[in-house]
Amino acid sequence: MPPFFSAPPLHRCRLLRHAAAFALVLAAVALVFLLVHPPLAGTPPPSPSYGHRLPTLVDLTLVHGGQEKGAVCLDGTPPGYHWLPGFGDGSHKWLLHLEGGSWCRNRTSCDHRKKTSLGSSAYMETRVEFVGILSDDEAQNPDFYNWNKVKVRYCDGASFSGNVQDELQDGTSFFFRGQRIWEAVMTELLPKGLARAKQAFLTGCSAGGLSTYIHCDDFRALLPKDSTVKCLADGGFFLDVEDISGRRYMRGFYNDVVRQQDLRKRFPHCRSDMEPGQCFFPQEVAKGITTPMFILNPAYDVWQVEHVLSPEGSDPQNLWQNCRMDITKCNVKQLEILQGFRKSLLDAISEFKKKKDWGMFIDSCFIHCQSMKSLAWHSPSASRINNKTVAEAVGDWFFDRREVKDIDCEYPCNPTCYNVVLERPYKED
């Protein structure tokens, strides 16, 4: 007979009272937990496949012989990259990511960049975390986790596109050699296995997304004809639109970048009646691309809201300050302008939507560079369209599991959106 039933009646009563009291305590604890941690509305249930291990740290490699080739950062230091070798059936597959970080438009801004990692390898971190599309955790990056992955550092100020021979600019030493950096990094990676890649994927975020549009066909040309090669630009479809003051601030900014680094000749597609900066916008660059491309962009890109739609000088009374930093703080009029910005994006990409082998994921979120944020790329809190995360949509497109032309409804329709709230203005890319 079990011990409970063999106990004296009085002892049995005490055991029952203790058990009942313990059950009440457990119920109370559960109730308090639910009150303190209620489920978030619109948040998808936790995925059992989402990992929590720390990101892998990957060492910086400086390009061998870069300085002898003239492939150097703004300050003349050699360029760099981080390479995480693939494993298993990913050993012959390569994913390259071009780093972003805005641009410099004049001597003053370029001189400032020379003293940062965006203009000098002397300031680059010696090790960086590989997260999002660069993660080697299958739970966080299900389709590309075991590929060779390379993060190419950005230090030329013009999306890896300049090639100015002269070093002195108005008496100051600058090197505008982004094109040479691209060529030097590719030359170093090809013998490491890139030349034998069965599948290859060129990606980039922000200014690196623009770089991806610029170099997508160049990347394809380097690889075997029988290999699968595709490209993805994340948060890189910058718009040539009027800002809130009626100016085309971003076009003026790009005019300066193109003139300073003599980029007009880099874009033969550009019509002679266009301003120099118009040639640098993705809508123009992408027209000549023949390699399959995926456009990943939020309709309310937080960087563009600040720097394209309401840039410095367009809002002297700071009426947009709160809206720039938190979309939930935008008033009715500002939301109308944001909806117009979304329409401009959809109009600009409409011609590319017709391309059968192209893909797109345009969510209605307030964020920038979703492929490089683990929570936004693939996690329980990642935004979804048609119940697919960005990572799932990109994988479906790359591996031809379905046609992916996913365009979200207007804000605030998507409860799964991972919207950022900035503590200070978004001054860096």
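Where does Asn386 lie? Asn386 is placed in the loop between helix 11 (374–377) and helix 12, where helices (H or I, at least four residues) and strands (E, at least two) are DSSP runs numbered from the N terminus. This is a predicted model, in which local features need pLDDT of at least 70 and side-chain atom pairs count only at pLDDT 80 or more, while totals for chains, interfaces and linings use all residues. Residues are numbered from 1 along each chain as its sequence is written, and side-chain values use heavy atoms, with hydrogens and water left out.

**Overall picture**

- The protein has 12 helices and 12 strands.
- Of its 429 residues, 55% count as buried, a term that means under 20% relative accessible area, with exposed meaning over 50% and partly exposed in between (1.4 Å probe, protein chains only).
- Among the contacts in the protein with a separation of 6 or more, 74% come from residues 24 or more positions apart, contact being defined as heavy atoms within 4.5 Å.

**Aromatic pairs**

- Rings of Phe, Tyr and Trp (its six-membered ring) pair if their centres lie within 6.5 Å, and planes under 30 degrees apart count as stacked, over 60 as edge-to-face and the rest as tilted; by this rule the count comes to 29 aromatic pairs.
- The rings of Phe144 and Phe399 form a stacked pair, because their centres are 5.8 Å apart and their planes stand at 25°.
- This pair links distant parts of the chain, since Phe144 belongs to the loop between strand 4 (127–130) and strand 5 (148–152) and Phe399 to the loop between helix 12 (390–398) and strand 12 (405–407), 255 residues apart.
- Phe144 is buried at a relative accessible area of 0%, whereas Phe399 is partly exposed at 26%.
- The rings of Tyr300 and Tyr411 have centres 6.1 Å apart and planes at 70°, so this pair is edge-to-face.
- Tyr300 is found in the loop between strand 10 (293–298) and helix 8 (302–309) and Tyr411 in the segment after strand 12, so the pair ties together parts that are 111 residues apart in sequence.
- Both Tyr300 and Tyr411 are buried.
- A cluster linked by ring pairs takes in Trp103, Phe238, Tyr249, Phe253, Tyr254, Phe267, Phe280, Phe281 and Trp303.

**A charge over two rings**

- The charged end of Lys230 sits over the ring of Trp397, at 4.8 Å from its centre, under a rule that asks for NZ of Lys or CZ of Arg within 6 Å of the ring centre and within 35 degrees of the ring normal.
- Lys230 also lies over the face of Phe398, 5.4 Å from the ring centre.

**Packing of helix 8 and helix 10**

- Helix 8 and helix 10 (residues 332–353) pack at an angle of about 100° with their axes 12 Å apart, the axes being lines fitted to C-alpha atoms, for helices over the stretch in contact, and the angles running from 0 to 180 degrees between N-to-C directions.
- The two helices, helix 8 and helix 10, are therefore roughly perpendicular to each other, as angles of 65 to 115 degrees count as such, with those under 35 roughly parallel, those over 145 roughly antiparallel and the rest oblique.
- Helix 8 contributes Gln304, Val305, Val308 and Leu309 to the contact, and helix 10 contributes Ile337, Leu338 and Phe341.
- By class, the contact of helix 8 with helix 10 has 6 nonpolar, 1 polar and no charged residues, where Ala, Val, Leu, Ile, Met, Phe, Trp, Tyr, Cys and Pro count as nonpolar, Asp, Glu, Lys and Arg as charged, and the others, Gly among them, as polar.

**Two buried residues**

- Leu202 lies in strand 8 (residues 199–205) and is buried, with a relative accessible area of 0%.
- Leu202 and Leu95 are 107 residues apart in sequence and 5.9 Å apart in space, C-alpha to C-alpha.
- Beyond its neighbours within four places in sequence, Leu202 has contacts that include Trp182, His215, Phe219 and Lys230.
- Asp396 lies in helix 12 and counts as buried at 6% relative accessibility.
- With neighbours within four places in sequence left aside, Asp396 is in contact with Lys388, Arg401, Arg402 and Val404.

**Backbone features**

- A cis peptide bond with omega of about 10° joins Tyr411 and Pro412, and Pro412 has its place in the segment after strand 12.
- Asn386 has a positive phi of about 55° although it is not a glycine, and at 62% relative accessibility Asn386 counts as exposed.
- Asn387, in the loop between helix 11 and helix 12, has a positive phi of about 65° although it is not a glycine, and is exposed with a relative accessible area of 64%.
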